[in-house]
Amino acid sequence: MDKYLRASPVDAERIAQAEAETTPHAWGPVMYASSLESGHDTVWLCQQQGQLQGAAVLMQVLDEAHLQNFFIHVRHQGQGLASLLLAHVMQQAKANAASQMFLEVRCSNLRAQALYRKHGFQDYAVRKAYYRLPDGSREDAVLMKAML
Ligand SMILES: CC(C)(COP(=O)(O)OP(=O)(O)OC[C@H]1O[C@@H](n2cnc3c(N)ncnc32)[C@H](O)[C@@H]1OP(=O)(O)O)[C@@H](O)C(=O)NCCC(=O)NCCS
């Protein structure tokens with residue numbers, strides 16, 4: 001990985017493209033553009049030689065940081081990049097005076113839950129039927145938080 005970069009609105013299209021190649025639950029380019037233009041979110045990218053490997057969307061309100069979205073491109077998974085990117089965003093939030101980080105994850109997404117637990121996140125609630133699935137059914141969200 002070259003380094004972590006802060007995305008700007010011009011990156012919205014390529015982040016959305018990379019996430020769409022990775023998961024059916026991807027944000028679209030309009031959502032990334034509005035996140036990046038809002039001034040409330042920071043989108044961290046990891047990339048190598050200009051190739052986008054993953055992204056993390058972070059919002060902070062007072063001392064609470066919220067991880068709004070997170071992915072590693074499907075071609076780059078299983079190499080420890082998610083751990084590195086998550087550690088980076090947690091450290092950035094702490095440096096920015098956040099004391100806790102919150103997130104929501106699909107209850108079926110055991111892989112992401114394992115990642116978050118490895119980094120000190122604990123479950124604190126379940127939000128019933130929070131996510132809508134393509135077939136019209138619903139899936140619960142697991143709410144997790146970590147002290148920074
Ligand atoms: C979840 C995701 C971010 C993991 O990315 P990754 O780069 O493959 O993860 P890493 O290689 O850094 O692994 C870090 C930890 O994640 C967990 N993990 C990763 N792959 C796993 C797997 N196949 N099964 C179980 N746990 C897994 C483990 O805790 C792992 O630590 P370990 O290697 O010490 O066991 C990636 O699969 C992804 O982007 N998925 C699609 C989008 C998504 O689900 N985002 C989260 C939304 S809340």
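In which loop does Leu62 lie? Leu62 sits in the loop between strand 3 (51-61) and strand 4; helices (H or I, at least four residues) and strands (E, at least two) are DSSP runs, numbered from the N terminus.

The model is a predicted one, in which local features need pLDDT of at least 70, side-chain atom pairs count only at pLDDT 80 or more, and totals for chains, interfaces and linings use all residues. Residue numbers run from 1 along each chain as its sequence is written.

**Backbone and burial**

Phi of Leu62 is near 50 degrees, a positive value in a residue other than glycine. Ala129, in strand 6 (residues 122-132), also has a positive phi, of about 50 degrees, although it is not a glycine. Asn69 belongs to strand 4.

| Residue | Other C-beta atoms within 10 Å | Class |
|---|---|---|
| Leu62 | 8 C-beta atoms within 10 Å | Leu62 exposed |
| Ala129 | 10 C-beta atoms within 10 Å | Ala129 exposed |
| Asn69 | 20 C-beta atoms within 10 Å | Asn69 buried |

Leaving aside residues up to four places away in sequence, Asn69 touches Trp27 and Val57; contact requires C-beta atoms, placed from the backbone, within 7 Å. The C-alpha atoms of Asn69 and Ala55 are separated by 7.9 Å, and the two residues are 14 residues apart along the chain.

**Helix 1 and helix 2**

The axes of helix 1 (residues 12-20) and helix 2 (residues 29-38) come within 8 Å and cross at roughly 135 degrees. Axes are lines fitted to C-alpha atoms, for helices over the stretch in contact, and angles run from 0 to 180 degrees between N-to-C directions. Helix 1 and helix 2 are therefore oblique to each other (under 35 degrees is roughly parallel, over 145 roughly antiparallel, 65 to 115 roughly perpendicular, the rest oblique). Helix 1 contributes Ala12, Glu13, Ile15 and Ala16 to the contact, and helix 2 contributes Pro29, Tyr32, Ala33 and Leu36. By class, this contact has 7 nonpolar, no polar and 1 charged residues.

**Ligand shell**

Among the 19 residues around the ligand, Phe71, Gln77, Ala82, Ala114 and Leu115 come nearest; the criterion is a C-beta atom, placed from the backbone, within 6 Å. Strand 4 (64-72), helix 3 (81-95) and helix 4 (110-118) each supply at least two residues of the shell. Helix 4 provides the largest share, 5 residues.

Definitions and conventions. Contact = placed C-beta atoms within 7 Å. Nonpolar A, V, L, I, M, F, W, Y, C, P; charged D, E, K, R; others polar. Buried ≥ 20, exposed ≤ 12 C-beta atoms within 10 Å, placed from the backbone.
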